[in-house]
Amino acid sequence: MGKDLSSDLFDRLGLNRPGSAGSGPMLTARSPIDGSTLGQVSTTTPGDLERIISAAADAFVTWRSVPAPVRGEFVRRVGQKLRERKSDLARLVTAEAGKITQEALGEVQEMIDIADYAVGLSRQLYGLTIASERPGHRMMEQWHPLGPVGVISAFNFPVAVWAWNAMIAWVCGDPVIWKPSEKTPLCAVACQSIVAETLAETPGVPPGISSLVIGDASIGEALAASKTLPLISATGSTRMGRAVAQTVAGRLGRTLLELGGNNAMIVAPSADLELAARAIVFAAAGTAGQRCTTLRRLIVHQSIKPELLKRLETVYGRLKIGDPRQPGVLVGPLIDEAAFQSMQHALHAACQQGGRVITGCQRLTEGVPAGGVYVRPTLVEISAHAPILQEETFAPILYVIDYDTLERAIAIHNGVPQGLSSAIMTSDVREAEQFLSPAGSDCGIANVNIGTSGAEIGGAFGGEKQTGGGRESGSDAWKAYMRRATNTINYSTDLPLAQGISFDT
């Protein structure tokens with residue numbers, strides 16, 4: 001295990017229990033901080049997966065009939081254990097995903113928050129009463145549990161995204177089968193251990209409501225292909241999401257997709273530049289540029305571009321990069337060498353397309369742990385027509401583009417295939433409202449005077465276009481995990497037909 005992870009911590013998080021996910025070969029978990037081995041977990045074989053899916057289907061038969069507030073009580077207990085293990089779990093997230101301590105703590109807090117949200121939701125799974133055109137009739141809408149849900153998550157949020165899905169799915173009456181990234185399996189084992197503890201202490205809850213499967217893409221493909229799973233929720237690249245969508249659509253199942261971001265911010269002439277600079281740096285450099293909501297394109301009015309770039313260069317120059325466990329460090333490592341190579345490929349393409357590196361792009365070897373991949377966040381000045389702007393690179397590269405009119409800025413903003421998160425920095429209410437209007441941002445998230453990252457769990461999270469169209473977390477995102485039934489009740493002694501049809505026999 002890594003030097004920062006003691007045997008006691010492994011015990012507290014249940015990481016020493018054998019057979020956590022199956023009977024397949026062992027998968028070695030390594031830390032992006034220094035490349036050290038953190039531990040090993042067993043992988044899931046096709047036979048294991050078949051048994052797990054069958055157990056989830058059996059659990060659904062029981063779980064769907066448990067009253068929703070009772071299901072909410074189970075989620076409350078899970079949330080309480082997360083509170084008790086917050087520090088331990090955050091240390092594991094830092095070690096396995098490379099997040100700085102504050103961001104790791106924030107991610108675990110998201111899990112706690114969504115548990116609280118789901119508990120309240122368990123008493124608010126409302127349907128509508130609908131006016132009937134027929135006398136003596138009432139129409140109503142009910143929402144019923146859907147079935148076992150497959151959740152496929154990515155390395156960059158190794159625990160929160162699962163929680164967004166699981167807590168909501170459980171109160172909706174659905175078991176969850178989770179396939180985490182192969183890069184962060186220990187985080188998943190720790191979460192499943194917490195759930196297993198709660199199950200052992202909660203009589204009447206079928207163990208099959210929560211399962212973990214670990215393996216390569218073939219396990220995700222098998223989940224997507226399973227006719228027993230009516231919903232697959234998948235977070236990751238657009239390429240992965242497209243494959244999942246095609247497989248699930250082939251069996252007429254449902255998908256909830258959270259895919260590529262390529263997010264942009266418009267900085268208008270009236271913007272508070274100090275506020276803008278702070279928002280930009282966190283959104284662009286936080287998590288070493290490895291968030292789906294990371295700011296990747298900065299669209300700045302030409303009149304303020306020189307001043308804003310000067311501010312950003314200054315802040316970028318003093319960003320503390322290194323071991324994310326150390327106080328004061330703001331940017332940790334990339335997840336692996338492949339991420340660095342993707343970053344270099346994108347920067348090379350940007351320069352070939354007329355881009356100019358303003359600051360950053362160096363790989364750091366001094367003052368950082370050996371064995372990790374550390375880079376300096378990069379600013380690149382570039383034309384709005386550069387093809388590289390159409391791609392999302394999961395690294396801390398921020399492309400800076402200028403504009404002259406707001407209409408042009410919005411056109412640049414929307415002129416990419418992705419549509420997750422967006423922002424405008426302005427003190428002009430008309431500009432803000434135009435950005436939020438039907439003719440403004442085409443993203444699922446549109447912010448004013450805050451950055452593109454750091455979404456709250458109360459709002460529905462997700463995006464449009466190649467981002468996949470899915471919504472997780474708050475608002476009415478719960479409806480994705482349920483099936484709708486429209487009921488008509490005749491409480492009269494007559495049988496009038498809809499649309500005034502006469503059918504006398």
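Two strands pair if DSSP finds at least two bridges between them. Helices (H or I, at least four residues) and strands (E, at least two) are DSSP runs, numbered from the N terminus. The views show a predicted model, in which local features need pLDDT of at least 70, side-chain atom pairs count only at pLDDT 80 or more, and totals for chains, interfaces and linings use all residues. Residues are numbered from 1 along each chain as its sequence is written, and side-chain values use heavy atoms, without hydrogens and water.

**View A. The open sheet.** Seven strands lie in the order β12-β15-β16-β11-β10-β18-β19, with mixed pairing. The edges are β12 (356-359) and β19 (445-448); each has a single partner strand, so one side of each lacks a neighbour in the sheet. On average, neighbouring strands are turned by 25 degrees against each other, direction ignored.

View B. β12 pairs with β15 (residues 378-381) in the antiparallel sense, over three bridges. Thr 359 has Leu 379 of β15 as its bridge partner.

**View C. The largest nonpolar core.** This core (buried Ala, Val, Leu, Ile, Met, Phe, Trp, Tyr and Cys residues joined through side-chain atoms within 4.5 Å; buried means under 20% relative accessible area, 1.4 Å probe, protein chains only) has 75 residues. Among those with the most contacts inside it are Phe 74, Trp 162 and Trp 170. Helix α6 (residues 160-171) supplies the largest share, 11 residues.

**View D. Around Met 111.** Neighbours within four places in sequence aside, Met 111 is in contact (heavy atoms within 4.5 Å) with residues including Leu 82, Val 159 and Cys 191.

Key: Buried < 20%, exposed > 50% of the residue type's maximum accessible area, 1.4 Å probe, protein only. Axes fitted to C-alpha atoms, helices over the stretch in contact; angles between N-to-C directions.
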